[in-house]
Amino acid sequence: MRAVGGEQEPAAFERTVLRNASPYHYLKVYLQLESATTRLCAVELKQLIVSGLSSLFGEVGAALPFDLLKYDEEALTGILRVHSRGLVKLWSSLTLLGSYQNEACAFRVLQVSPFLLALSGNSRDLQLD
Amino acid sequence: MVRQKSRYLLCELNVSDRSRLLLLDDRAVREAVRATVARIHGDYGAALCSLRFSVKYLNAHTGIVFLRCPKNCYRLIWSALPFITSVENQGQKVPCFLNCLHVGGTIRTCQKFLIRYNTQQLHRMLPQCKSEEEKLQVRKAILNCSLIKRNEGGFEDEAESGEDDEE
């Protein structure tokens, strides 16, 4: 304790609370098809997801803005970006999407994160020598 | 279990041809709203809104409809109303549109609003009467309205015949 001479301002303390860390959420998805040889281009994949959204959530759901940021056609893996408010709708319609051109299909959601950088690494794929 | 709350949407059904309005019944309106909600909001919306959805009151002369919906999804139904273009009854399509006048928690508040709304409409339309005879006719018709003692909706008749005789 030292003697205080004159006015001393208390240390400024500011706390910022963010309910939502980031406005967007990023999903890494993998499309599993019945036949191993079918390939979709990026436009067809987006059309498939939009059709899934429209069957579950109607016209309003089909208008949900989402983006396909990266797409690997050989591996059928892609990264989707959606606003955080639309994450539940998008994820639930991916879950319930069952068929592509009379062929059974399934969307496997590998990773979801509010930060894109987090999708670059995955501890499941980690290989320890 | 505490009370299950609902919202009542007071809507007005506008048709271009008034005579065809008389064809509509509550089942036709219910099917039209349900089909539109399914188209706009998909399987999720259709399932969520069909729980306690019903048409509580339909007046074919004035085109007033009361829609009842659950409290947690009344906005979905409300947002689907502008997309209704026609109501089908026994194979006949009547082109119409629904616009929502009031949202209330109970039928009684909706009816109180309806009486106030009808008196406002009357005050607006009365100066537009072309001749003195018309004004006298309207006044006589309104004064002739009487509350018929029934179980419910006594004042519905008053509002209805008042609106009707202005035409």
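Is Glu74(A) buried or exposed? At 58% relative accessibility, Glu74(A) counts as exposed, where exposed means over 50% relative accessible area, buried means under 20%, and partly exposed lies in between (1.4 Å probe, protein chains only).

## Basis of the description

This is a predicted model, in which local features need pLDDT of at least 70 and side-chain atom pairs count only at pLDDT 80 or more, while totals for chains, interfaces and linings use all residues. Residues are numbered from 1 along each chain as its sequence is written, chains are lettered from A and ligands numbered from 1 in the order in which they are written, and side-chain values use heavy atoms, with hydrogens and water left out.

Arg39(A) lies in the loop between strand 1 (24-33) and helix 1 (42-62) of chain A, and Glu74(A) in the loop between strand 2 (66-72) and strand 3 (77-83) of chain A, so the pair ties together parts that are 35 residues apart in sequence. Helices (H or I, at least four residues) and strands (E, at least two) are DSSP runs, numbered from the N terminus. Arg39(A) is partly exposed, its relative accessible area being 33%.

Another salt bridge connects Arg81(A) with Asp67(A), and here the closest N and O atoms are 2.8 Å apart. This pair links distant parts of the chain, for Arg81(A) belongs to strand 3 of chain A and Asp67(A) to strand 2 of chain A, 14 residues apart. Arg81(A) counts as partly exposed at 23% relative accessibility, and Asp67(A) is likewise partly exposed, with a relative accessible area of 29%.

## Charges over rings, and a glycine in a loop

Arg81(A) also lies over the face of Tyr24(A), at 4.4 Å from the ring centre, and Lys46(A) lies over the face of Phe66(A), at 5.0 Å from the ring centre. A charge is said to sit over a ring if NZ of Lys or CZ of Arg is within 6 Å of the ring centre and within 35 degrees of the ring normal.

Elsewhere in chain A, Gly98(A) is found in the loop between helix 2 (87-95) and strand 4 (99-100), and with a relative accessible area of 40% Gly98(A) is partly exposed. Leaving aside its neighbours within four places in sequence, Gly98(A) is in contact (heavy atoms within 4.5 Å) with Glu103(A), Ala104(A) and Cys105(A). The C-alpha atoms of Gly98(A) and Leu33(A) are separated by 9.8 Å, although the two residues are 65 apart along the chain.

## Chain B

The secondary structure of chain B comes to 6 helices and 5 strands, and from the N terminus on its elements run β-α-α-β-β-α-β-β-α-α-α. Of the 167 residues in chain B, 39% are buried. Among the contacts in chain B with a separation of 6 or more, 71% are between residues 24 or more positions apart.

In helix 2 (residues 26-49) of chain B, Glu31(B) and Arg34(B) are 3 residues apart, about one helical turn, and their side chains meet in a salt bridge (3.8 Å, N to O). Glu31(B) is partly exposed, with a relative accessible area of 41%, and Arg34(B) counts as partly exposed at 34%.

## Aromatic pairs

A search of the whole structure finds 4 aromatic pairs over all chains. The rings of Phe113(B) and Tyr117(B) have their centres 5.9 Å apart and their planes at 20°, so this pair is stacked. Rings of Phe, Tyr and Trp (its six-membered ring) pair if their centres lie within 6.5 Å, and planes under 30 degrees apart count as stacked, over 60 as edge-to-face and the rest as tilted. Phe113(B) and Tyr117(B) both lie in helix 4 (residues 107-125) of chain B, 4 residues apart, about one turn of the helix. Phe113(B) is buried, with a relative accessible area of 17%, and Tyr117(B) counts as buried at 17% relative accessibility.

## Where the chains meet

At the interface, 7 residues of chain A are in contact with 6 residues of chain B. The area buried between the two chains is about 500 Å², of which carbon and sulfur atoms give 60%; buried area is the accessible area (1.4 Å probe) that two parts lose on being put together, summed over both. Leu56(A), Phe57(A) and Glu59(A) supply 59% of the area that chain A buries against chain B, more than any other three residues.

Across this interface of chain A and chain B the rule finds 0 salt bridges, whereas 6 residue pairs (both at pLDDT 80 or more) are in polar contact between the chains. A polar contact is a pair of N or O atoms within 3.5 Å; within protein, one must be able to donate a hydrogen and the other to accept it, and residues adjacent in sequence count only if both atoms are side-chain atoms.

How values were computed. A salt bridge is a side-chain nitrogen of Lys or Arg within 4 Å of a carboxyl oxygen of Asp or Glu.
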